[in-house]
Amino acid sequence: VSRAGGSRRGRVVRPEPGARRPGAWWGVGALIVALLALGAAWVALGSQWWVVRSVDIRVEAPPSTAPWSEQVADPAQVQRVSGIRVGDRVATLPRSEARERLEEVPGVAAADVGRGLTGTVVLELQLEEAVATRARGDEQEVLAASGEVITTVPDGAAPGGDEGGDTPALPELQLADGVPEGQADRAVSRAVGTLAVMSDEMRQEVREYRASESGLATLLPDSRVVHWGHVTDEADLRERERSVRAILTEQPPAPGATLDATQRGTVVVHEG
C-alpha cells in the first residue's frame with residue numbers, strides 16, 4: 001500500500017498466468033464423484049462381480065424340534081422357497097419378500113435374509129417349539145403351541161428325540177369322545193395351546209391329554225378327568241393348577257370324578 005497526497009490506494013493482486021481458480025477444483029471433484037457413482041452402478045447392476053455366489057442356510061431349533069430340523073428346514077426346499085438363486089444380483093435381491101415366504105413355511109417361527117455383501121447370502125431360520133404329537137392314520141403330526149403342524153413322523157417313532165438323550169418325549173394329544181369331526185382341528189389347536197404352558201409338576205400327574213370342545217382335558221390317576229378349557233396365559237393356568245391340586249390333596253373326589261376348571265378361580269367337582 002502506498003500513500004500519496006494523503007490518499008490511500010489498494011494494491012491489486014493478479015493471479016499468475018496458468019493458475020487455477022478455486023472454483024475449478026469443485027468441478028473436477030464433482031466429475032470424479034460422478035465417475036465413481038457410474039462405476040459402482042456398473043459393478044452392482046451391469047457386471048458379474050457383485051452377484052450371489054452361494055447361499056448359506058442356518059437353522060436354530062429348540063431342543064423339542066431339533067430331531068426334525070433338517071426335515072422341517074430342508075436346505076434345497078428353503079432356498080427354493082426363498083426365491084434367491086446363485087447368479088442373482090445382490091443389489092436387487094428381494095430380501096423382504098424372501099423373508100415373508102420363508103416365514104410361511106410350516107414350523108418356521110421367524111426368518112432373516114442377509115445382504116450378501118460378500119457374495120454369500122445367509123438365510124437364517126428359527127423353528128417353532130414342538131409341544132405335542134397327534135396320531136393321524138399311519139403317521140404322527142408334530143404340533144406347535146399354535147396348533148400348526150410342524151412336521152409328520154411315522155407312527156411309532158419316538159416323539160421327542162433320540163432315545164437316552166436330553167430331549168423329553170412329547171406328549172400325545174388325543175381327541176376326547178364326542179368331538180364332532182368338523183371341530184377336531186379347532187379342538188386340537190385350543191388344547192395344544194394350553195398344554196404348552198402347563199407346568200412340569202402337573203404334567204407328571206397326567207396319564208392322557210385330550211382335546212375337547214372346551215379346550216384341554218387331562219386324565220389323572222384313579223380315572224379323574226380335569227377340564228382346563230382354553231388357557232394360554234401361564235399365570236392363569238398356574239392358579240387353576242393350584243386349585244385343582246388343593247382339592248385332590250384336601251378333599252379327594254371319588255375315582256372317575258370330573259373336575260371342571262374352565263373358569264379361573266373356581267373348580268366344580270362332578271362325581272358319579
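Predicted model: local features only at pLDDT ≥ 70, side-chain atom pairs only at ≥ 80, totals over all residues.

Me: How many helices and strands does the protein have, and how many of its residues count as buried?

Reply: There are seven helices and 14 strands; these are DSSP runs numbered from the N terminus (H or I of at least four residues for helices, E of at least two for strands). Of the 272 residues, 34% count as buried, that is, under 20% relative accessible area, where exposed means over 50% and partly exposed lies in between (1.4 Å probe, protein chains only).

Me: What makes a set of residues a nonpolar core?

Reply: The members must be buried Ala, Val, Leu, Ile, Met, Phe, Trp, Tyr and Cys residues joined through side-chain atoms within 4.5 Å. The largest such set here has 28 residues, and Leu 173, Met 198, Leu 216 and Trp 228 have the most contacts inside it. Helix 5 gives the largest share of this core, five residues. Apart from it lies another core of 25 residues, among them Val 52, Ile 84, Leu 127 and Val 153. In soluble globular proteins, nonpolar side chains tend to be buried together.

Me: Which residues does Trp 228 touch?

Reply: Not counting residues up to four places away in sequence, its contacts include Met 198, Leu 216, Leu 237, Val 244 and Ala 261. Arg 240 and Glu 241 are also among them.

Me: Why are helix 3 and helix 4 called oblique to each other?

Reply: The axes of helix 3 (residues 75-82) and helix 4 (residues 95-103) come within 8 Å and cross at roughly 130°. Axes are lines fitted to C-alpha atoms, for helices over the stretch in contact, and angles run from 0 to 180 degrees between N-to-C directions. Angles under 35 degrees count as roughly parallel, over 145 as roughly antiparallel, 65 to 115 as roughly perpendicular and the rest as oblique. The two helices are therefore oblique. Val 78, Val 81 and Ser 82 in helix 3 meet Ala 98, Arg 101 and Leu 102 in helix 4.

Me: Why does Asp 138 count as exposed?

Reply: Its relative accessibility is 69%, so Asp 138 falls in the exposed class. Asp 138 lies in the loop between strand 6 and strand 7. Its C-alpha atom is separated by 5.3 Å from that of Asp 155, 17 residues apart along the chain, and Asp 138 touches Pro 154 and Asp 155.

Me: Why are Asp 222 and Ser 223 called partly exposed?

Reply: Asp 222 has 44% relative accessibility and so counts as partly exposed; Ser 223, with a relative accessible area of 40%, is therefore partly exposed too. Asp 222 and Ser 223 are in the loop between strand 11 and strand 12. Neither is a glycine, yet phi is positive, about 65° for Asp 222 and about 60° for Ser 223.

Note on methods:
Residues numbered from 1 in each chain as written. Heavy atoms only, no water. Contact = heavy atoms within 4.5 Å.
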